[in-house]
Each structure stands twice: as C-alpha cells, then as structure tokens.
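The following exercises concern a single protein chain. Please examine the sequence and the model, then work through each task before reading its solution.

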Amino acid sequence: MQSETVSNNRLKIAEEMQYALTSLVQEQGTKMLNLTIALNNATELITTITSDLIVAKQIISTTVADFLFERAKVQVLRQEVGKMNEQIAHLLEEVTNVNAMLCVRMLLFKLHKYKRSF
C-alpha cells in the first residue's frame, strides 16, 4: 500500500510537471507567436519606409535634375543678355554717331542760313 501511495504521489507529481511544462510550452508558444507577428509588422514597416525612401530619392533626383536644367537655361539667358547688352552698346554708339552727324548738319545748315542773311 505504501508503494501504491508512493506511485500515486509520483504519478500526481508527474502529471503536475506535465501540466506545468504544457502551460510553459503554451506560454512560450504564445510569446513566439506574438514575436513573429511583431517581426512581420516591423518587416512590413521597414518595407514601406524603404519604398517611401525610394520614392523620395526619385523626387529629389527629379528636382535636382530640374534645378540643373533651369540653372543651365539661366546661364544661356545670361549669355544672351550679355550679347544683347553688347548689341545695345553698339546701337547706342551708332545712335550717338548719327546724333552727332545730325548736330553737325544742323550747325552747317544754320551756318549756311546765317551766311545767306548777310
């Protein structure tokens, strides 16, 4: 009978240990599942962030390209303005020369008119 009690006690202890181990395994399994879900969520977030960064890089690249293109256009326009300034300076010089010739002619005309009056 005593051996039967010892066996029953051992069986009871073994069942309690099995229950404790089963609970521990279930608890660890739940933790592993939660960690897996968290890892999947983090992976998805990283993928989204990476995708957003790629789009941002494309936008920045396009913006830089547009800026460089516009800067090149500005440089061309500056060159054209420089050429136009040279043309304007040349035209002003010609206008000044024409104006001087007209003044001389006018003076000659007035001188001629003045000579006639005598």
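**Exercise 1.** Determine whether Lys31 is buried, partly exposed or exposed, and identify the residue with which Lys31 forms a salt bridge.

*Solution.* Step one: Lys31 has a relative accessible area of 43% and is partly exposed; buried means under 20%, exposed over 50%, and partly exposed in between, with a 1.4 Å probe and protein chains only. The model is a predicted one, in which local features need pLDDT of at least 70 and side-chain atom pairs count only at pLDDT 80 or more, while totals for chains, interfaces and linings use all residues. Residues are numbered from 1 along each chain as its sequence is written, and side-chain values use heavy atoms, with hydrogens and water left out.

Step two: the partner of Lys31 is Glu27, and their closest N and O atoms are 3.6 Å apart. A salt bridge requires a side-chain nitrogen of Lys or Arg within 4 Å of a carboxyl oxygen of Asp or Glu. Side chains of opposite charge can pair when their charged atoms come close.

Step three: Lys31 and Glu27 lie four residues apart in helix H1 (residues 2–117), so about one helical turn separates them. Helices (H or I, at least four residues) and strands (E, at least two) are DSSP runs, numbered from the N terminus. Glu27 is also partly exposed, with a relative accessible area of 43%.

**Exercise 2.** State how many salt bridges a search of the whole structure finds, and describe the one formed by Lys73.

*Solution.* Step one: the search finds two salt bridges. Step two: Lys73 meets Glu70 through their side chains, at 3.4 Å from N to O. Step three: these residues are three apart in helix H1, which means a separation of about one helical turn. Step four: Lys73 is partly exposed at 37% relative accessibility, and Glu70 is partly exposed at 39%.

**Exercise 3.** Describe the secondary structure of the chain and decide whether the chain is a compact globule or more spread out.

*Solution.* Step one: the chain comes to one helix and zero strands. Step two: its radius of gyration is 50 Å, well over the 13 Å that the globule rule gives for 118 residues, so the chain is more spread out than a compact globule. The radius is taken over C-alpha atoms, and the rule is 2.2 Å times the number of residues to the power 0.38. Step three: the C-alpha trace spans about 170 × 20 × 10 Å along its principal axes. Step four: buried residues make up 0% of the 118 residues.
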